[in-house]
Amino acid sequence: MIQTIAFYLFAVLVIASAVMVITARNPVHSVLWLILAFFNAAGLMVLVGAEFIAMLLIIVYVGAVAVLFLFVVMMLDIDVAAMRAGFIKNAPLGVVIALILLAELVLGIGAYRMGAIELGTPMASDAPAMVEGNTNAIGALLYTKYLFLFEAAGIILLVAMIGAIVLTHRPTRAKRGQQDIGKQVRRNPDEATVMKQPTVGQGVEL
Amino acid sequence: MTEFFQSWGLSYEWAWAIATIAGILLIALPLMLAVAMIIYVDRKVWAAINLRRGPNVVGPFGLLQSFADGLKVFLQETIIPSAANKGIFILAPIVTFTVALIAWAVIPFDAGVVLADINVGLLYIFAVSSLSVYGIIMAGWASNSKYPFFSAMRASAQMISYEVSIGFIMIGVILYAGSFNLTDIVMAQKGHGLGIVNGYVFNLLLFPIFVMFFISALAETQRVPFDLTEAESELVAGYQTEYSSMSFALFWLGEYANILLMCALMTILFFGGWLPPLDIDLIPWFDIPGIIWFFAKMFLFFFMFSWVMATVPRYRYDQLMRLGWKVFLPLSLLFVVLISGWLMATGHYGAAA
């Protein structure tokens with residue numbers, strides 16, 4: 001009863017906010033609707049008992065990725081009218097892509113109904129170690145059966161990160177405006193200030 | 001509590017709903033009261049450090065000052081700037097306040113006194129604390145004004161930066177406790193130091209990350225050395241500039257609820273939560289309820305927060321970013337490696353799993 005109510009609440013909100021993402025006129029509103037959609041998707045995952053994945057969804061997508069989206073969308077000056085003007089021109093392409101996606105979905109569901117397929121043999125034993133809680137279960141699987149894939153994914157992400165840093169790194173800039181923190185920390189009152197005792201009517205020479 | 005309501009002859013669903021709502025009210029209403037009183041404490045501590053008297057007019061010792069302030073903002077007119085994005089402008093303080101409240105669902109105040117004793121408690125706290133930036137970004141953008149927008153940009157960069165090191169620090173504690181569950185983390189600290197001291201902070205590997213956690217918590221809640229988002233000499237009042245009346249008060253309450261949450265987190269992660277400091281019955285302090293120990297420890301940390309506020313000057317923004325990315329990130333990463341290495345070497349890993 002409670003689960004049913006929660007499921008329909010989350011499911012309806014996911015679909016409604018997903019629709020609002022593509023229909024909202026203001027791009028910032030779109031991003032905020034997208035965040036609502038992520039949230040409700042996380043709620044659905046909690047309902048099926050995948051609380052670890054749900055929390056990761058919120059931490060990674062809502063906490064980091066969507067903040068960057070919001071950042072970029074707020075900084076950019078997006079002219080919605082100009083984007084709408086290109087709609088008719090690009091409509092045939094969009095229709096073709098939509099049809100391909102529909103065909104793939106139908107094929108996928110059809111294939112799923114036909115029965116399972118054998119794709120190679122697993123490297124280690126298929127049954128995960130019997131541990132309680134899906135956080136432990138995911139950890140046990142990632143570091144035993146899928147260790148190679150997990151490490152490979154990590155290395156790919158590391159390479160991507162280094163690539164992004166290399167692309168945006170500017171080696172030398174003008175000396176002016178550059179902060180040397182070590183120099184600032186080493187500075188002390190003796191060398192930064194002078195005490196003067198000016199007499200009346202005379203200025204101070206520094 | 002569900003069983004209690006079921007004994008009244010209610011069905012399970014209704015009993016569950018009523019018990020949950022009662023639990024939420026039992027946490028949220030005292031929290032509001034605590035926020036009001038802690039604002040008073042904050043002002044009294046600053047006043048004492050500045051050799052002033054602080055609030056001393058409303059009620060005995062000025063105790064009712066926060067309620068007078070609350071009444072004042074409640075009776076003021078809510079002004080919405082004509083150029084503001086209305087929906088988001090109104091939503092932003094509500095989001096800030098709600099997000100500050102929902103994290104308390106998993107905080108254990110005493111053994112078993114917790115609304116939702118979930119397995120991923122610490123991850124939930126981390127997820128919720130990463131959400132608190134949205135209220136600020138939305139407020140800054142919807143105000144349609146330059147200073148709030150600058151403040152929102154600063155806030156989002158700052159909170160994302162310090163969340164990284166907070167995440168690594170939490171991993172250190174999780175590795176030691178072997179669990180994400182906050183109750184388990186507290187229980188794992190029982191007799192941690194030489195069999196008698198309760199608390200991870202007395203561990204040589206965990207004390208440095210406690211210090212980093214305290215500083216990151218200051219940055220995450222935008223308290224004084226890092227309150228660049230509302231630096232009044234540069235940004236008027238930051239993201240709150242265009243807000244008035246209750247919408248301003250919601251930001252205020254949310255900010256203090258977040259600070260209290262960080263105090264509670266430090267208590268749970270490093271100072272043994274509701275356990276007394278030592279695991280031996282020196283004076284009969286096992287008779288003192290755990291919740292009193294919990295609040296006493298939280299109060300100690302809150303005092304440290306206001307102490308810092310009254311004594312430390314504000315950072316420059318580039319210094320803030322440097323501290324987050326170039327000092328705390330490598331250091332916390334190093335401590336993750338050190339702690340996991342030590343646990344592997346001594347064979348303590350996976351003990352509580």
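This is a predicted model: local features need pLDDT of at least 70, side-chain atom pairs count only at pLDDT 80 or more; totals for chains, interfaces and linings use all residues.

Residues are numbered from 1 along each chain as its sequence is written, and chains are lettered from A and ligands numbered from 1 in the order in which they are written.

**Stop 1: chain A.** Select chain A and switch to cartoon: you'll find 9 helices and 0 strands (DSSP runs numbered from the N terminus, with H or I of at least four residues for helices and E of at least two for strands). Of its 206 residues, 11% are buried, meaning that 20 or more other C-beta atoms, placed from the backbone, lie within 10 Å of the residue's own.

**Stop 2: where chain A meets chain B.** Here 21 residues of chain A are in contact with 20 residues of chain B; contact means C-beta atoms, placed from the backbone, within 7 Å. Which helix gives the most to chain A's side? Select 51-75 in chain A: that's helix H3, with 12 residues. Helix H6 (134-143) of chain A also supplies at least two.

**Stop 3: chain B.** Colour 1-65 as domain 1 and 76-346 as domain 2; such bounds come from an automatic or database domain assignment. The C-alpha centres of these two domains of chain B lie 19 Å apart. Their contact takes 15 residues from domain 1 and 14 residues from domain 2.

Methods. Two residues are in contact if their C-beta atoms, placed from the backbone, lie within 7 Å. A residue is buried if 20 or more other C-beta atoms lie within 10 Å of its own, exposed if 12 or fewer, and partly exposed in between; C-beta atoms are placed from the backbone.
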